[in-house]
Amino acid sequence: MSTKTYIFFVGLLLICGVAIAQNGPYKLGIKTSINLSTMLGSELENPRPKYGYTAGAYLIKQNKKNWTYYAEAVASFRGARFNNGDTGYSKIASFYVDAAFLPTYKPNDNSSVSFGPYGSFLGLSSLFVGDQRKSELNDIGIAPFDAGLATYYHIHKKLVIYQFGVKVGILDVNDSVNFEGYFPETGNGGSITNLSFEIGLLF
């Protein structure tokens, strides 16, 4: 998904959210968070966590009932690092656009827990080798769509909401990964799944 498509998608959500918020108890705002991600499975060797960034729009239906919902459309820079020495592949950087609609339980006015499905659309994937800053390969055979389950814990304050969460991919995103000529060997048809943790602020 291109940057223009993402901007259009988030802009559309904001416009729709503002229109809805004028007629109901909705909170529309901006989410920004840091994430710690990695890629699990049998295809890639020696994965390690990679720091990234997530930002976008969110919508919460506010009411006095225990059950409500949380939705978001965000851009997320994820991937993984790898401990494969100076000559092996060392990092995969990926850019996703995520959309989620999560049922939310509010035990009180100060906290809530959201859990449910999300979908991810891949915009870019790149491979890095050793300590090089420039990518060796782009469009590296990661599937264009991923889906999984997300869980968020929210602490509600007057001016900001603190968010702590995890996203667990449930699809094998190995579409045609084969880093020919790079160590360790790939192209074995093994599995690859995404995992990320987030700590963020909702304004």
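**Rings and surface**

Leu201 lies in strand β10 (strands are DSSP runs of E, at least two residues, numbered from the N terminus). The model is predicted, with local features needing pLDDT of at least 70 and side-chain atom pairs 80 or more, while totals for chains, interfaces and linings use all residues. Residues are numbered from 1 along each chain as its sequence is written, and side-chain values use heavy atoms, without hydrogens and water.

Student: Is Leu201 buried, partly exposed or exposed?

Tutor: Buried means under 20% relative accessible area, exposed over 50%, and partly exposed in between (1.4 Å probe, protein chains only). Leu201 has a relative accessible area of 31%, so Leu201 is partly exposed.

Student: Trp67 and Tyr105 form an aromatic pair; is Trp67 buried or exposed?

Tutor: Ring centres of Phe, Tyr and Trp (its six-membered ring) pair within 6.5 Å; planes under 30 degrees apart are stacked, over 60 edge-to-face, the rest tilted. This pair is tilted, at 5.2 Å centre to centre and 55° between the planes. It links strand β4 (Trp67) with strand β5 (Tyr105), 38 residues apart. Because its relative accessibility is 56%, Trp67 counts as exposed.

Student: Over which ring does the charged end of Lys91 sit?

Tutor: The criterion is NZ of Lys or CZ of Arg within 6 Å of the ring centre and within 35 degrees of the ring normal. The charged end of Lys91 is 4.3 Å from the centre of the ring it sits over, that of Phe128.

Definitions and conventions: Helices (H or I, at least four residues) and strands (E, at least two) are DSSP runs, numbered from the N terminus.
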